[in-house]
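Subject: A structure for you to look at

Hi there,

Here is the structure I promised to pass on. Have a look at it first, and then read my notes below.

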Amino acid sequence: DGKQGMQIYLKGRNAFSQLASTLQQSISCLRFLSDSRAFLAGTQSSQVLKYDAATGHEVFRITSSEFPYEVVRCVLTADDGQTLISHGTDRTLRTVNLVTGYERRFGPELEGWVHAMALSPANDRILAIAGGTRGGIGRLELLDRQTGQRLARLHGHTAAVRSVSFLPNGKQLVTGSDDGSIRLWSTPHVD
C-alpha cells in the first residue's frame with residue numbers, strides 16, 4: 001500500500017524487551033510517574049503494577065479487593081506520586097494512597113466507557129474524564145478530585161473522546177475524539 005511504518009527505539013531496550021515477555025497479562029493503560037523513574041501499568045486482571053523505568057523490575061502491585069474482575073482502564077498519580085487514581089470497567093473512580101494503602105471510591109458512577117483521564121497541573125484538583133457512552137456519543141466531565149463533585153460536563157464531540165490533556169497552566173484542556181476533531185476547552189476555577 002506504499003505506507004511506511006514507524007519504528008521506535010528505546011534507550012535500554014533490553015530491559016523493556018525482558019519486561020514485555022514477563023508480564024503475561026494484558027495491559028490496558030500505562031502512565032509514567034512525574035519523576036520519570038517509574039511507570040504504572042493497569043491490567044485486564046484488576047491490578048496496577050509499578051515498574052522501575054531503568055531496570056524494568058516490578059516495584060509493587062495493587063490488586064483491588066472490592067472488584068476482583070474489574071479491568072483497570074486508566075491510571076494516573078497525584079500528590080507528587082503518593083496517590084494513585086484509577087478507573088475501571090465497574091465505572092467507579094478510586095484513589096489509593098501509595099504510602100498507607102488506604103483505598104476509597106469517589107465521585108459519581110460514570111456512564112459508558114472511560115478512555116483517558118488527566119489531572120490539572122495547576123492545582124491537582126480538577127480531574128478530566130474522557131470517554132464515550134454506549135451509544136457512541138463523546139463524553140467529557142470535570143470533577144473535583146477532593147470532593148468528588150461534578151464541576152462540568154462539556155459537550156461537543158459526536159463520538160468517543162480518546163485523549164485528554166491539560167495545558168501547563170491548567171486553564172484549558174485539549175481533547176481528541178473518534179469524530180476526527182481536536183477541541184480546546186476552558187476549565188472552571190477551583191479554590
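Arg162 is partly exposed, with a relative accessible area of 42%; here buried means under 20%, exposed over 50% and partly exposed in between, using a 1.4 Å probe and protein chains only. Its salt-bridge partner is Asp178, at 3.0 Å from N to O. The two sit 16 residues apart, Arg162 in strand β13 and Asp178 in the loop between β14 and β15. Asp178 is also partly exposed, at 46%. A salt bridge means a side-chain nitrogen of Lys or Arg within 4 Å of a carboxyl oxygen of Asp or Glu.

Please keep in mind that this is a predicted model: local features need pLDDT of at least 70 and side-chain atom pairs pLDDT 80 or more, while totals for chains, interfaces and linings use all residues. Residues are numbered from 1 along each chain, and side-chain values use heavy atoms, without hydrogens and water.

The structure holds seven salt bridges. Among them, Arg94 pairs with Glu103 at 3.3 Å between the closest N and O atoms; Arg94 is buried at 4%, whereas Glu103 is partly exposed at 22%. Another joins Glu141 and Arg139 at 2.9 Å, and both residues are buried. Arg139 and Glu141 also belong to a salt-bridge network with Arg150 and Arg153.

Back to β13: this strand runs antiparallel to β14, joined by five bridges (strands pair if DSSP finds at least two bridges). Ser163 has Gly176 as its bridge partner.

Happy exploring!

Conventions: Helices (H or I, at least four residues) and strands (E, at least two) are DSSP runs, numbered from the N terminus.
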